[in-house]
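Let's take a friendly walk through this model together. Have the sequence and the 3D view ready, and we will go from charged pairs to a few single positions.

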Amino acid sequence: MARFNERFLDLKESYLFSEVAKRVSVFKENNPDRDVIRLGIGDVTLPLGKSVVQAMHAAADEMGKAETFRGYGPEQGYDFLRKAVAGHYKEIGADIDEDEIFVSDGAKSDTGNITDLFSADNTVLIPDPVYPVYVDTNTMNGRNIVYMDGSAENDFLPMPDRSVHADIIYLCSPNNPTGACYNKQQLEEWVDYALENGAVILFDSAYESFISDDDLPRTIYCIEGAKKCAVEFCSLSKTAGFTGTRCGYTIVPKAIKSLSPDGREMSLNKMWNRRQTTKFNGVPYVVQRAAEAVFSPEGQKESKAMTACYMENARIISETMNELGIRYTGGVNSPYIWFECPFGMDSWTFFDHMLEKAGVVGTPGAGFGKNGDRWFRLTAFNNKENTIEAMKRFRKLFE
Ligand code: PLP
């Protein structure tokens, strides 16, 4: 009989979104006349930009003609897209070589797949609360996880603790779910700590395009030394509405090196390339042409307009929190608003309360780690009208 990977038994039941859906459906059954506004799931709602769709159409036409048809593409991504991504990095303050860029089908796969490259006896540092994929994928590999606590006291931006050694460090900035964003000085501290420990930082920048504050870094590579220790994962999911289209990119700098037990130098970039060429056959040509269009001047205009719509919703939610004197993070430089549950409730109790009294759905913080137990996430991914109405109902909870 095949023996399964028993580390899967160590995974916590992933019931967050299914439990949310279940409670919403029970509520709707019991209250068929009440309309429910969803500010819970982190999925975009605006359609792809016009120029992006045009590029997809043109690429689809190419695929339908013998002269321009394409079969398997390069596993690392087509040169035209790697070039466009390198151009984007230049604009946000970093020089990245095209052979350090790996086109992916999104940040979720790559943040999980990168664990293939590391030995199981590494100690991994993971913030709590955070996007749950880092914990789950390392649990599947049986790695020792050390949590770094995020709290109101550190603005949900945990900093290095020099008394703790780590080999792998996950950072997510702007963070999901807290919306908190590291500044340059804080990232410098993290890079110093990683270099001191010989550690690798796995930096998830899936929300970099929401950063509007010029002083905040949009890539870890604007920090000196980061190319020697940091891998960066980015995605067009939230930037350009690609959650259903699927395209992202991962930067694995050539300067990241490690020694094998027998003293041989190993290059992470080469290992990732070997891994990808073995297990991945690339992103569809049509999708890569659409992704290329995102980085064109017209595509950038479209993406910025989408982000502006979401950030207007974030402003409306933040303003409500300000008015009500509720502690929160995010809402600027991020589409997430992370607030302390009112009335001394825990996050699931507040979920039920807000659904029952206001007909508004959010995400209980407990789903992102133990430190989220008394916190709650709202997202800016709805339309303005619904967001205004949701906040009107939210205010009523306090009357
Ligand atoms: N990283 C973070 C922090 C996220 O919040 C998400 C999606 O919600 C992802 C990665 C996944 O992105 P993708 O759609 O590119 O797989």
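Does Glu340 count as buried, partly exposed or exposed? At 29% relative accessibility, Glu340 counts as partly exposed; buried means under 20% relative accessible area, exposed over 50%, and partly exposed in between, with a 1.4 Å probe and protein chains only.

## About the model

This is a predicted model, in which local features need pLDDT of at least 70 and side-chain atom pairs count only at pLDDT 80 or more, while totals for chains, interfaces and linings use all residues. Residues are numbered from 1 along each chain as its sequence is written, and side-chain values use heavy atoms, with hydrogens and water left out.

## Salt bridges

Side chains of opposite charge can pair when their charged atoms come close. The structure holds 23 salt bridges, a salt bridge being a side-chain nitrogen of Lys or Arg within 4 Å of a carboxyl oxygen of Asp or Glu. One of them joins Asp35 to Arg393, with the closest N and O atoms 2.5 Å apart. Asp35 lies in the loop between α1 (16-30) and β1 (37-38) and Arg393 in helix α12 (residues 384-396), so the pair ties together parts that are 358 residues apart in sequence. Helices (H or I, at least four residues) and strands (E, at least two) are DSSP runs, numbered from the N terminus. Asp35 is partly exposed, at 47% relative accessible area, whereas Arg393 is buried, at 15%.

Asp99 and Lys254 form another salt bridge, their closest N and O atoms being 2.8 Å apart. This pair links distant parts of the chain, 155 residues apart: Asp99 sits in the loop between α3 (79-91) and β2 (101-104), and Lys254 in the loop between β8 (248-251) and β9 (257-259). Asp99 is partly exposed at 38%, and Lys254 is partly exposed at 30%. There is also a network of salt bridges that links Glu19, Lys22, Arg23 and Asp352.

## Helix α10 and what follows

How far apart are the end C-alpha atoms of helix α10 (residues 297-324)? They are 40 Å apart, which agrees with the 40 Å that its 28 residues should span at 1.5 Å a residue; the expected span is 1.5 Å times one less than the number of residues. Just after α10, Gly325 takes a positive phi of about 65 degrees.

Arg327 forms a salt bridge with Glu340, the closest N and O atoms being 3.0 Å apart.

## A negative surface patch

Glu188, Glu189, Asp192 and Glu224 gather in a patch of negative charge on the surface. Patches are made of residues with over 30% relative accessible area and no salt bridge, with like charges joined within 9 Å and nonpolar side chains (Val, Leu, Ile, Met, Phe, Trp, Tyr) within 5 Å. Glu224 is found in the loop between β6 (200-204) and β7 (230-235), and this residue is exposed at 76%.

## Two more positions

Lys184 is in helix α6 (residues 184-197) and is partly exposed at 38%. Lys184 and Phe156 are 28 residues apart in sequence and 16 Å apart in space, C-alpha to C-alpha.

Ser267 is in strand β10 (residues 265-267) and is buried, at 14% relative accessible area. The C-alpha atoms of Ser267 and Pro253 are separated by 9.1 Å.

Technical notes. Areas by Shrake-Rupley, 256 points an atom, 1.4 Å probe, with all protein chains shown as cover. Lys, Arg positive; Asp, Glu negative; His and termini not counted. Charge placed at Lys NZ, Arg CZ, Asp CG, Glu CD.
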